[in-house]
Amino acid sequence: MSTARGPISQFIEKNYLHFNAAALMDAAKGYETHLTEGGKMMVTLAGAMSTAELGISLAEMIREGKIDIISCTGANLEEDIMNLVAHSHYKRVPNYRDLSPQDEWDLLENHYNRVTDTCIPEEEAFRRLQKHIYKIWKDADTAGERYFPHEFMYKILLSGELEQYYEIDPKNSWMLAAAERNLPIVVPGWEDSTMGNIFASYVIKGEIKAVTMKSGIEYMAWLADWYPKNSGGKGMGFFQIGGGIAGDFPICVVPMLYQDMEMQDIPFWSYFCQVSDSTTSYGSYSGAVPNEKITWGKLDVNTPKFIVESDATIVVPLIFAWILKQ
């Protein structure tokens with residue numbers, strides 16, 4: 001047993017010996033080895049990981065330099081900030097499996113938007129953020145400047161405007177940790193988020209120009225420039241939490257560069273792990289086993305591949321604890 005490690009790491013090393021538990025341990029050790037040998041790591045966030053408060057462990061991973069780039073949905077981008085400024089106003093619904101359509105309607109009428117067992121308060125979370133981010137969007141629009149969605153979020157966080165609302169220890173906000181490091185982020189499909197919908201409403205009303213917000217195609221073009229510069233040596237690893245566009249969008253940069261840009265020497269992703277409760281299925285990206293990605297030119301035959309078929313909210317903090325030697 002590794003004596004330099006804390007109690008969480010010692011517990012999982014002793015007890016997590018078979019099946020998904022062993023896969024968790026193997027994936028954690030593989031991630032650690034990849035970094036030790038000089039590799040870099042992309043982490044992708046699907047689902048509602050921010051509302052699940054993954055920031056508690058993810059922020060520390062960012063501060064410790066264990067993550068080099070993040071790909072996330074627009075929901076994860078905004079919901080970490082919402083949790084930061086409105087945590088005490090969230091409503092927990094432990095009996096969410098038993099709710100009737102009328103119960104759900106009552107939540108809506110009280111301005112609560114439910115994510116499984118947790119309701120996000122509209123006024124204190126969405127509208128509070130909207131009030132402040134609108135000015136930053138509008139100022140950029142007036143000045144003829146254009147930024148990516150995460151850059152606007154970094155601006156609002158680093159301005160200090162939101163500090164008056166902080167309701168959790170700021171060290172548990174992964175977006176704040178990322179902003180302070182200016183961590184690269186790609187946010188594919190950002191318009192499929194509450195802030196994306198709100199931005200669209202201003203475009204429709206003629207208050208802001210659509211081009212003020214840089215697009216997903218521009219994210220891919222940016223990533224196509226970033227990846228070759230950061231995939232030398234041991235290469236770039238890919239740690240995928242959940243599935244969906246947050247994972248599929250960035251992993252495609254490799255076959256795009258190889259097949260469409262004809263860069264014959266572009267390295268494959270050099271580590272791959274997917275943590276998801278989506279089992280092997282028919283046609284979905286989330287349910288595809290890692291080997292399927294070989295046929296798409298994303299992974300090499302010899303790329304270390306791990307898949308943990310379990311709840312990411314349980315698995316990922318344990319893997320991060322191992323990497324942080326907790």
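Biologist: What volume does the second largest pocket have?

Modeller: Rolling a probe the size of a water molecule over the atoms shows where empty space is left. In this model, the second largest pocket holds about 170 Å³. A pocket here is an open set of points on a 1 Å grid over the protein atoms alone where a 1.4 Å probe fits, with protein on both sides within 12 Å along at least five of seven lines. The volume is the space filled by probe spheres set on the points, which are joined across faces, edges and corners. Please bear in mind that this is a predicted model, where local features need pLDDT of at least 70, side-chain atom pairs count only at pLDDT 80 or more, and totals for chains, interfaces and linings use all residues. Numbering starts from 1 along each chain as its sequence is written, and side-chain values use heavy atoms, leaving out hydrogens and water.

Biologist: Which residues lie closest to the centre of the second largest pocket?

Modeller: Look for Trp190, Glu191, Phe199, Ala210 and Met213, out of 15 residues in the lining; a lining residue has an atom within 4 Å of a point. Two elements give two or more residues each, α9 (194-204) and α10 (216-230), and α9 gives the most, with 4. Helices are DSSP runs of H or I with at least four residues, strands are E runs of at least two, and both are numbered from the N terminus. The lining has 9 nonpolar, 4 polar and 2 charged residues, with Ala, Val, Leu, Ile, Met, Phe, Trp, Tyr, Cys and Pro counted as nonpolar, Asp, Glu, Lys and Arg as charged, and the others, Gly among them, as polar.

Biologist: And how many residues line the largest pocket?

Modeller: There are 22, with Ala48, Met49, Asp277, Asp311 and Thr313 nearest the centre. The largest pocket has a volume of about 420 Å³. Strand β8 (271-276) and helix α13 (312-323) each supply at least two lining residues. By class, 8 residues of this lining are nonpolar, 11 polar and 3 charged.

Biologist: Let's turn to helix packing. At what angle do α10 and α12 pack?

Modeller: Two packed helices are described by the angle between their axes and the distance between the axes. For α10 and α12, the angle is about 85° and the axes are 10 Å apart. Axes are lines fitted to C-alpha atoms, for helices over the stretch in contact, and angles run from 0 to 180 degrees between N-to-C directions. The pair is therefore roughly perpendicular, the word for 65 to 115 degrees; under 35 is roughly parallel, over 145 roughly antiparallel and the rest oblique. Met220, Leu223, Ala224, Tyr227 and Pro228 of α10 meet Val253, Val254, Met256 and Leu257 of α12, where contact means heavy atoms within 4.5 Å. That contact comprises 9 nonpolar residues, with no polar and no charged ones.

Biologist: How far apart are the axes of α11 and α12?

Modeller: Helix α11 (residues 244-251) and α12 (residues 253-260) have axes 4 Å apart, at an angle of about 30°, which means that α11 is roughly parallel to α12. Phe249, Pro250 and Ile251 of α11 touch Val253, Val254 and Pro255 of α12.

Biologist: What about α7 and α8: roughly parallel or roughly perpendicular?

Modeller: Helix α7 (residues 149-158) and helix α8 (residues 174-181) pack at about 95°, with axes 9 Å apart, so they are roughly perpendicular. Among the contact residues are Met153 and Tyr154 of α7 and Met175 and Glu180 of α8. By class, this contact has 8 nonpolar residues, no polar and 1 charged.
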